[in-house]
Amino acid sequence: MISWASITNKGERSHNEDSIGQAEKNGKYCFVLADGLGGHGKGEVASKLAVDTVLRDFDAQYEKYTFLESTFAHVQQVLLEEQEKNNCKDAMKTTLVCMVLDGDEIRWAHCGDSRLYFFSKKKMKLRTLDHSVPQMLVLSNQLKEKDIRFHEDRNRLLRVMGMDTDKKLVTVGKTLNAAYRQQFLLCSDGFWEYVTEKEMEKLMKKSNSVQDWINRLTDTVVANGTGNGMDNYSAISIWID
Amino acid sequence: MGSIMEEQNATRLVYDEDDIEDAREKIAREPYQLAKGAVLEGRYVIDEILGFGGFGIIYSAWDKTLDISVAIKEYYPASIVNRNPGEKQVRVLSEKKREEFEKGIARFLGEAQSTIQFAENKNIVRVYNYFQENGTAYLVMEYLNGVTLKQYTEKMPDKKLSYEEVLRITQGVIAALKDLHKKGIIHRDISPDNIIMCKDGTVKLIDFGAARFTVETEEERTRSIILKPGFSPAEQYQSKGKQGPWTDIYALGATMYRAITGVLPEESTDRVVNDELKEPIYYAPQMPQYLNNILMKCMAVQPELRFQTVESLEAALYRKRKITSTKKELFRRKLARAVLIAVIAFGFLLLGINEYRYIQAIKNKANLEKTEVTIWVPISNDVMKQETQKAAFEEQLTDFRKTYPMVDLSITYLEEDVYAEELNAAIHEDTGPVLFESSYLTQDNQEELSDLGEAIKLIKPEQYQFGSLSTSFANGKQIATGFDVPILFENTNLEENVAETDQNNKEFFLQGKAPSYVGTMEDYEEIQDALAGIYSVSLADSGQIQFTNIWGVSKHKQEAQRNAACRVIYYMLSEQAQDVWYVQEKEGIPLESNVLQTYLDINPELAFIHNVSEEQIEVVEFDDTKLEEIYEKNINMK
């Protein structure tokens, strides 16, 4: 059985630049989350455009093996066109993380520092690697994993959708076989920065449903984040039982 | 320094007018930009749009006072201001953005001030004036009749340039950077967009928006910002990254890479994680190997493996010197570190008298007194070689100068022909040097040499070829930094039945008239040039070596001076100095074991030097008589 729950909130900001969405078609599922950047309304537009584009592609032209790459490319194209139209090449950008459940196969892809976590039997198995400066430092052994959350450069991103570049923006994960007692969490940095992986596991053990888990996680995020102009926070969780 | 390469004659000095016109993009006007005909400061009449980006708009304009064309940059951060069509006044979008805007103006004017001090440098865009008007700020610059390097390159077939042309452009950028760095300014955005190729052939560096990142508040830190590394090194994107001249050097290397190969290099931030950068020669096989290696050294991921100053990069280009590929260098350093750690660990187990002395000496490291050391350096009589020799000698003392700022080094260069005469005349006088090449001393004057114990106790003999034999001889009064061996050069083209001449004659050999010649490393390059591809080298059998670059200190000088001079000798034996003097400047064979290994890696045909046995050697001087003797012995053996 598949169940899911989600949250998106503007935190202590005036706008919510995060967007989330999900869709189901012919027994296949698509979950998507985006965290917009660029200020005065443009971030909101970017994340919404990204989520809408992915869901539209999922509905209209889903193809198992190529969907993620092609829909990310499509999002990029849409964003660049909109930037051109609105004369805002320096704004209207977004992170993007997307997961598709197709039969017994699970695929995901991401760009930026919005994450996908994968748990099996309530133990964390992997997470996507951020396209950010602290992640770069971790990968080159200059920083410890646990120090990412407090690193002074944690807001410096190396890849986001809508940036003007020739390089490949999307990182596609390895295909995973679906199995019982798997849990997934898609979330923006405003969410994961305030709840550690240990806490995620701990709270999961206490939770009796995916909604319960999301509620508990959100409580922790709010408790830890409130007070410093807290960022927007969003998350989608999917449980396979 | 005049020019990087003599090949520059083959390069166009003036760009084709049509090329420039074609490459220049016509930019349409947006409604928020100042209208044509708008007047600023009562004297500048706005004309076309030359460019715009996130932080400003550049207009061409006419200066009514001086009757010249100028370029005017307007501070216009598009995300926080706007302007109604037809108006001049710039409005900040919200009061909350006011502070950000004001800070931006201050930075913008800071750029103006920092650029204006370089008015004399022809490779840096000139700033004439700056002022505030219309609620924002303006910068008046010289109007550059040219295109960006990016536009220029895009116009070329395969979107790339010849390496000769790139070298000429680089020379201009280097001239600009030398001045900037001297004043402590790091450009931070060297890229094909910021290098202008003017019609008259000059190359100009533009865009000094130096403070690209400012200190963020905690709230700002939760707002993501996007970095586009492009041509810049990874340390530039860390708020605590160690930035310096090497930061611009990486970007310059990447810019040259793009221009020569037509390929955008992998971004530094990706390379930190997984370095897949292909050497430029892979895409541009016609480029010389030395240049390939220089580019790779500029673009080393680790800042400490790059050229540390623009001057050293320039010297390398100028001398076309051999640069150890960074991969090899990295391996070598890792190895050296591993060895060092092993030695230290071992040292603590068996803290013998040598180790004790060594550690004491290191402890005393900071103890040099404020003093002056005069050094006399013999240089080639060949004027063409002198400049590079001087640059290399200076470079090998870089570390010393950094570590001991209290010691004032005063270096005098004397041509080899007059060195002995001058030295022997001055050695008893106050005007004589503290530190000098002691093999030029006459027998009588050997008595003037001071004991070099202060240097010898620092040196670890096992780190050097021939151990303590090389690092202290002549009763501990002279120390060599290099050595030489007798080399049997043979002409592989001459039939075996060509008779050997009965004399060891270099001229005959160079002209292809003699099948063999016994010489030393001094002859190596000349023979390589004259008989490229048809010579072979091997060790001439003699069991002898010669030390080279033998340094001595005058016993008449003050103790502080003598101690400092000993420390200079110690530094000349360091890896860094040995690398500069022997591997890069090719002044002979280095004694330091790691550097010797690199040297032999780069010159594989000299691998026979490995075979010079430590036990059975005799130290001699290879004068003509000695070489003749070895020649006869070797020819007879054949």
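In helix H10 of chain B, the buried residues are B:Val310, B:Glu311, B:Ser312, B:Leu313, B:Glu314, B:Ala315, B:Ala316 and B:Leu317. Buried here is a count: 20 or more other C-beta atoms within 10 Å of the residue's own, with C-beta atoms placed from the backbone. Helices are DSSP runs of H or I with at least four residues, strands are runs of E with at least two, and both are numbered from the N terminus.

This is a predicted model, where local features need pLDDT of at least 70, side-chain atom pairs count only at pLDDT 80 or more, and totals for chains, interfaces and linings use all residues. Residues are numbered from 1 along each chain as its sequence is written, and chains are lettered from A and ligands numbered from 1 in the order in which they are written.

What do the buried residues of H10(B) pack against? Their partners are four stretches of chain B: H4 (163-182), H6 (245-261), H9 (289-298) and H13 (383-396). Contact means C-beta atoms, placed from the backbone, within 7 Å.

Take H13(B) next. It packs on H21(B), residues 575-584, at an angle of about 160 degrees, with the axes 7 Å apart. That makes the pair roughly antiparallel, a label for angles over 145 degrees. The axes are lines fitted to C-alpha atoms over the stretch in contact, and angles run from 0 to 180 degrees between N-to-C directions. From H13(B), B:Ala392, B:Glu395 and B:Gln396 meet B:Ala577, B:Val580, B:Trp581 and B:Gln584 of H21(B). By class, that contact has 4 nonpolar, 2 polar and 1 charged residues. Ala, Val, Leu, Ile, Met, Phe, Trp, Tyr, Cys and Pro count as nonpolar, Asp, Glu, Lys and Arg as charged, and the others, Gly among them, as polar.

Now a sheet in chain B. It is open, with 3 strands in the order S18-S17-S19 and antiparallel pairing. Pairing requires at least two DSSP bridges between the strands. S18 (516-519) and S19 (535-539) are at the edges with a single partner strand each, so one side of each has no neighbour in the sheet. The twist averages 25 degrees from one strand to the next. S17(B), residues 487-491, pairs with S18(B) over 4 bridges, and B:Ile487 stands opposite B:Gly519.

Last, the two chains. Each of chains A and B puts 25 residues into the contact. Across it, S9(A) and S12(B), residues 225-226, pair in the parallel sense over 2 bridges. There, A:Arg156 has B:Ile225 as its bridge partner.

Notes:
Two residues are in contact if their C-beta atoms, placed from the backbone, lie within 7 Å. A residue is buried if 20 or more other C-beta atoms lie within 10 Å of its own, exposed if 12 or fewer, and partly exposed in between; C-beta atoms are placed from the backbone. Angles under 35 degrees count as roughly parallel, over 145 as roughly antiparallel, 65 to 115 as roughly perpendicular and the rest as oblique.
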